[in-house]
Number of protein chains: 2
Amino acid sequence: MSTAPLRIGIVGLGTVGTGVVKILENHGGLIAARTGRRIEIGAVSARDKTKARGVDLTRYRWADDPLSLVQDQKIDAVVELAGGADGIAGQLVRACLKAGKPVVTANKALLARHGFELAQLAETQKAPLLYEAAVAGGIPIIKALREGLAANDIRALYGILNGTCNYILTEMRETGKDFGVVLKAAQTLGYAEADPSFDIDGIDAAHKLCLLSALAFGHRPDFEHLPVTGIRHVSAKDIAFAGELGYRIKLLGIARRVDGRIMQRVEPCLVPADKEIAGVEGVFNAVFAETDFADDSLFIGRGAGEGPAASAVVSDLVDLARGHNLPVFGLPAAQLAVPEWIDDGAVVSEYYARMVVLDKPGVLADISAILRDHSISVESLLQRGRDPGKPVSIVMTTHPARHADMMGAAQALASLKSLSQKPCVLRIETF
Amino acid sequence: MSTAPLRIGIVGLGTVGTGVVKILENHGGLIAARTGRRIEIGAVSARDKTKARGVDLTRYRWADDPLSLVQDQKIDAVVELAGGADGIAGQLVRACLKAGKPVVTANKALLARHGFELAQLAETQKAPLLYEAAVAGGIPIIKALREGLAANDIRALYGILNGTCNYILTEMRETGKDFGVVLKAAQTLGYAEADPSFDIDGIDAAHKLCLLSALAFGHRPDFEHLPVTGIRHVSAKDIAFAGELGYRIKLLGIARRVDGRIMQRVEPCLVPADKEIAGVEGVFNAVFAETDFADDSLFIGRGAGEGPAASAVVSDLVDLARGHNLPVFGLPAAQLAVPEWIDDGAVVSEYYARMVVLDKPGVLADISAILRDHSISVESLLQRGRDPGKPVSIVMTTHPARHADMMGAAQALASLKSLSQKPCVLRIETF
């Protein structure tokens, strides 16, 4: 194994990029001792050279054109932190792999969309492609799935994969404030972006789940077959009612294999409050894995932020320096399955539903009739307070029902005149 | 990298050994696909050839003398599952490493006692020595510390490292039954050994902590400088009082670095009930790591049992098959420090203490005087019920106090005539 320094080029100098610089500056000696080689910054590159970044970059060679690093003989590996599913990030990663140059990236969007093509390229060119930072930075979950649990058939994964959503849902529960208010506060605190839609609409979590599902089950990442629902429609009332019923609401990414077919989805659901994953609050992420020999494992840590994401990038660099090169999604690309997907409509779950109805005689009869017509059986129902002629909340939980039936019922309920808004219907996940 | 099969010899065919056979038989194809090589059982060996093990071993070559595997050209690596800090296990591991043959082991006792010597030997002979199964089988924690968190300075580790103790403490809390009763039930269920002292006296947890501390802080494993207290003296009353005060009692292994010096210890302590680690119940294990860049990470999973331990052994075999070879304790042996240890007497903590006293005037004055004389300041004190002339429990928590002072006070309290038994003094760990 080589003991020469591993010389890297960092492309993208936002939070994560500057974090990587800080770690290598702070722990250069420690990492060299652990790895047997120094990891040296050979060049840095970003769109704006003049921006203040809180770290002195003048000691590093600046590359105006990130693509120049591809053929640069003094750069052994490229760290891609520019981001985005296409554009310069995709161009750079493809060019590096084609040239046989190893790539470390945090780019979940790129891998979720083009992961299979990139895995093939990496394999043909024998160029490692590492992405620990793409999912839950503070948790070495890619490594856990691809190496630590490699002896197992993985059956299911449940993850809290987006810190922004988890922070918002936690704040809503603790303060009773509604979504919009808490989102605004989160933006002020830097826990949510100015344009928060990638996070709160579940896209970011879905990108991550895509990678975890591919790794766990050995299939091509497939963002197209991943139904996504965000958290905009979850109200503080839902969170409070869920609490009364013994649940917390979490945005979960779920991937599961049943009889050889695979299901993956991202949506807010009710989780029993006494489950450990329900206790994962604030900006923390968690991944729960159900395997045949190791049984249940749960990993909790920070998902994003400078330190955790940079720690994950550097752990990949350490693996690279140690000469490790594993199949991108845990299996040779040719063996990655094109999965048969489970029809979500046929999946049977319990549900929570909240309706805001006018408090007048006959409303419950209308609701009950619709439920009956869609084969939905009510497990519990509660109406809080009485206020004749005014809107009140009716909350119910159902016995196990087919998703298609429940969605049909929800649609029919929404068309009832006595409902003043669309019902909020959420799955109950009992693991 | 080689694509020839990795041929292993398994020595020791108890629960873990037969588990390894089952995994390789069940998932041989899957593991070969993930690894790029088959892992084949070249020979098996145990003390008793005739014992029924629930798995058909007739298809494998039986080695009467495990040491014959050392020079066996048809065996590429030896899996040592015989156990014990000395005896055949030590002999076999040393002989293999001397011969340059890789070893995978679950033997925490051996590594805790002789880890430094074995690490030197492994390094000189370039023979990998892997031991994921030695600590918390269902959690890839060795990998997480040595690889996943390799970019970080690790500051502290807290672990629930013994499933038997955690099961007993959980049962005591849930049923209110006392230690002896619950231990007996655990033995019947197979959760505790016929001779349970290794587990309940904390030795097993201490062996594991030894390895985690060495890995986390880069020092030689040192079982001699690891104070150990088991759980025999914890009563159901203590668990109930702790609950009233907002805590759970857990047997924790703690390793911490402060100003370059290291502290490691195993003892039952009070943990705030709302901390995630407090919610880790039954036979589950957990390791909490505090690092500078990745921040807080928590790993939860099954500690022992056939499946989880065997899963860990096979994950090591997968690493071996992939050609990985890392320094045994994360750093080259020559760089492993001989730590300067923190004097436990000087460590400042809050304490819980329960005394059984005769309910008569003046007792509290005696207790208070002793506490004053040892500079212990009481934070809260409660006496449950009144029963003049009869024994009643007094429970108190203290403000931060030096350990030496608290131990001095405990000793003085124990000599009071009005105390009918030794006080139970436990540290409160708030992380």
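Reader: At what angle do helix α6 and helix α7 of chain A pack?

Author: Helix α6 (residues 163-175) and helix α7 (residues 179-189) of chain A pack at about 120 degrees, and their axes are 9 Å apart. Axes here are lines fitted to C-alpha atoms, for helices over the stretch in contact, with angles running from 0 to 180 degrees between N-to-C directions. Helices (H or I, at least four residues) and strands (E, at least two) are DSSP runs, numbered from the N terminus. This is a predicted model, in which local features need pLDDT of at least 70, side-chain atom pairs count only at pLDDT 80 or more, and totals for chains, interfaces and linings use all residues. Residues are numbered from 1 along each chain as its sequence is written, chains are lettered from A and ligands numbered from 1 in the order in which they are written, and side-chain values use heavy atoms, with hydrogens and water left out.

Reader: What is the handedness of the crossing of α6(A) and α7(A)?

Author: The crossing of α6(A) and α7(A) is right-handed. A crossing is left-handed if the near helix is turned anticlockwise from the far one by less than a right angle, and right-handed if clockwise.

Reader: Which residues make the contact?

Author: From α6(A) they are A:Tyr167, A:Ile168, A:Glu171, A:Met172 and A:Thr175. From α7(A) they are A:Phe179, A:Val182, A:Leu183, A:Ala186 and A:Leu189. Contact means heavy atoms within 4.5 Å.

Reader: How many of those in the contact of α6(A) with α7(A) are nonpolar, polar and charged?

Author: The residues divide into 8 nonpolar, 1 polar and 1 charged. Ala, Val, Leu, Ile, Met, Phe, Trp, Tyr, Cys and Pro count as nonpolar, Asp, Glu, Lys and Arg as charged, and the others, Gly among them, as polar.

Reader: Staying in α6, is A:Thr170 buried or exposed?

Author: A:Thr170, in helix α6 of chain A, is buried, at 5% relative accessibility. Buried means under 20% relative accessible area, exposed over 50%, and partly exposed in between (1.4 Å probe, protein chains only). Beyond its neighbours within four places in sequence, A:Thr170 is in contact with A:Lys250, A:Glu281 and A:Gly282.

Reader: New topic. How many disulfides are there over all chains?

Author: The count is 0, where a disulfide is a pair of cysteine sulfur atoms within 2.5 Å. In general, a disulfide is a covalent bond between the sulfur atoms of two cysteines.

Reader: Which loop holds A:Lys126?

Author: A:Lys126 is in the loop between α4 (108-124) and β5 (129-130) of chain A. Its phi is positive, about 55 degrees, although A:Lys126 is not a glycine. A:Lys126 is exposed, at 67% relative accessibility.

Reader: And what about phi of A:Ser375?

Author: Phi of A:Ser375 is near 60 degrees, again a positive value in a residue other than glycine. A:Ser375 is in the loop between α12 (363-373) and β12 (378-383) of chain A, and is exposed at 57% relative accessibility.

Reader: Over to chain B. Where is B:Val78?

Author: B:Val78 lies in strand β3 (residues 77-80) of chain B and is buried, at 0% relative accessibility.
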